[in-house]
Amino acid sequence: MEKTTQLYEGKAKKVYATDDPGCCIVSYKDDATAFNGLKKGTILGKGAVNNRVSNHLMRLLEANGVPTHLIEELNDRETLVKRVTIVPLEVIVRNIAAGSLAKRLGLDEGVKMRSPVLEYCYKNDDLGDPMVNDSHILAMGWATRAELDQIAGYALRVNQVLADYLRDAGIELIDFKLEFGKTADGTILLADEISPDTCRFWDSKTHEKLDKDRFRRDLGGVEDAYQEILRRLLGE
Ligand code: 5GP
């Protein structure tokens, strides 16, 4: 299938229409941003790592009862996906305190929580993706009760499947962000990406960070961390 017009350019990806109205092509970039676009840079090879890692994890999730937008990986950077309207929420699941949760609640990073924490943020750069709860989401019409229940169920299932799978690869799943979409017939699918850009991955033994926090926090070894995730998950 061929790309036709560009529908959207985000911070890390471009999305193109195709000659099939039900399909899009996602193209992953090496561009990296953090802190709502305030910090900008390039992570060489990131687009290819994120494309391949995300597709690998989405295939695993499909096999474990989570429907996703994935159709077919086209090449290193490009993937054919089902066309969806993105539900304007960042769905965050956390197992270990880190990042904004550690800051907000005054916790040390690395503290394990008694049960997974589910958070929603309204996807809006101008507002800095503010955290919202179920009643905001229903009141604003971003999702119905039934859709939100389905999204929450999928998010916790993703956490279970990924945490178990990653543990075997020596990776601790600290937290991650998901986005869901709705097809023309109203089906909710897991969309966007699951990658070192959108997850916190720590080495199980050393707790070394193997994700975008290396870029956000100027820790160095950014490219190596992305390649290490590709190596551990896809064996290359
Ligand atoms: P935090 O709220 O601690 O900054 O992020 C929690 C988790 O969600 C982290 O794994 C982080 O990578 C992911 N996350 C939250 N917001 C965003 C976002 O706007 N973009 C990306 N790429 N990841 C996000």
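Biologist: Which residue does Arg59 meet in a salt bridge?
Modeller: Side chains of opposite charge can pair when their charged atoms come close. A salt bridge is counted when a side-chain nitrogen of Lys or Arg is within 4 Å of a carboxyl oxygen of Asp or Glu. For Arg59 the N to O distance is 3.8 Å, and the partner is Glu73.

Biologist: How many residues apart in sequence are the parts that Arg59 and Glu73 tie together?
Modeller: Helices (H or I, at least four residues) and strands (E, at least two) are DSSP runs, numbered from the N terminus. Arg59 lies in helix α1 and Glu73 in strand β6 (residues 70-73), so the pair ties together parts whose separation in sequence is 14 residues.

Biologist: What kind of model is this?
Modeller: Residues are numbered from 1 along each chain as its sequence is written, and side-chain values use heavy atoms, with hydrogens and water left out. Local features need pLDDT of at least 70, side-chain atom pairs count only at pLDDT 80 or more, and totals for chains, interfaces and linings use all residues, because the model is predicted.

Biologist: What relative accessible area does Glu73 have?
Modeller: Buried means under 20% relative accessible area, exposed over 50%, and partly exposed in between (1.4 Å probe, protein chains only). Arg59 is partly exposed at 43%. Glu73 also counts as partly exposed, because its relative accessible area is 26%.

Biologist: How many salt bridges are there by this rule?
Modeller: Some of them share partners, and one network joins residues including Arg94, Glu119, Asp175 and Arg217. Among the other members of that network are Arg104, Glu109 and Lys209. By the rule, the salt bridge count is 30.

Biologist: Which strand holds the Lys3 side of the salt bridge between Glu78 and Lys3?
Modeller: The closest N and O atoms of Glu78 and Lys3 are 2.5 Å apart. The pair ties together parts that are 75 residues apart in sequence, because Glu78 lies in strand β7 (residues 78-82) and Lys3 in strand β1 (residues 3-9). At 37% relative accessibility Lys3 counts as partly exposed, whereas Glu78 is buried at 13%. So the strand that holds Lys3 is β1.

Biologist: Lys29 has a salt bridge too; with which residue do its side-chain atoms meet?
Modeller: Lys29 is buried, with a relative accessible area of 13%. The N to O distance is 3.7 Å, and the partner is Asp31.

Biologist: Let's turn to helix α6. How far apart are its end C-alpha atoms?
Modeller: The expected span of a helix is 1.5 Å times one less than its number of residues. Helix α6 (residues 222-234) has 13 residues, so it should span 18 Å, and the end C-alpha atoms agree with a separation of 18 Å.

Biologist: Within what arc do the buried residues of α6 fall?
Modeller: Those residues are Val222, Ala225, Tyr226, Ile229, Leu230 and Leu233. The arc is that of the directions from the helix axis to the C-beta atoms. Seen down the axis, the buried residues line one face of α6, because they fall within 140°.

Biologist: Which residue just after α6 takes a positive phi?
Modeller: What covers the buried residues of α6 includes α1 (46-62), α4 (145-168) and β12 (171-182). Just after the helix there is a phi of about 70°, and the residue that takes it is Gly235.

Biologist: Where does Asp218 lie?
Modeller: Most residues other than glycine have a negative phi, and most peptide bonds are trans. Asp218 has a positive phi near 55°. It is exposed, with a relative accessible area of 60%. The place of Asp218 is the loop between α5 and α6.

Biologist: Which residues does Asn159 touch, not counting residues up to four places away in sequence?
Modeller: Asn159 is in helix α4 and is buried, with a relative accessible area of 5%. Contact means heavy atoms within 4.5 Å. On that basis Asn159 touches Val93, Asn95, Pro116, Leu173 and Phe176.

Biologist: Which residues make the nonpolar surface patch of about 230 Å²?
Modeller: Patches are made of residues with over 30% relative accessible area and no salt bridge; like charges are joined within 9 Å, and nonpolar side chains (Val, Leu, Ile, Met, Phe, Trp, Tyr) within 5 Å. Accessible areas come from the Shrake-Rupley method with a 1.4 Å probe, and for residues only the protein chains shown count as cover. Val111 is partly exposed at 34% relative accessibility and is found in the loop between α2 (99-105) and β10 (112-122). The patch is made by Leu105, Leu107 and Val111.
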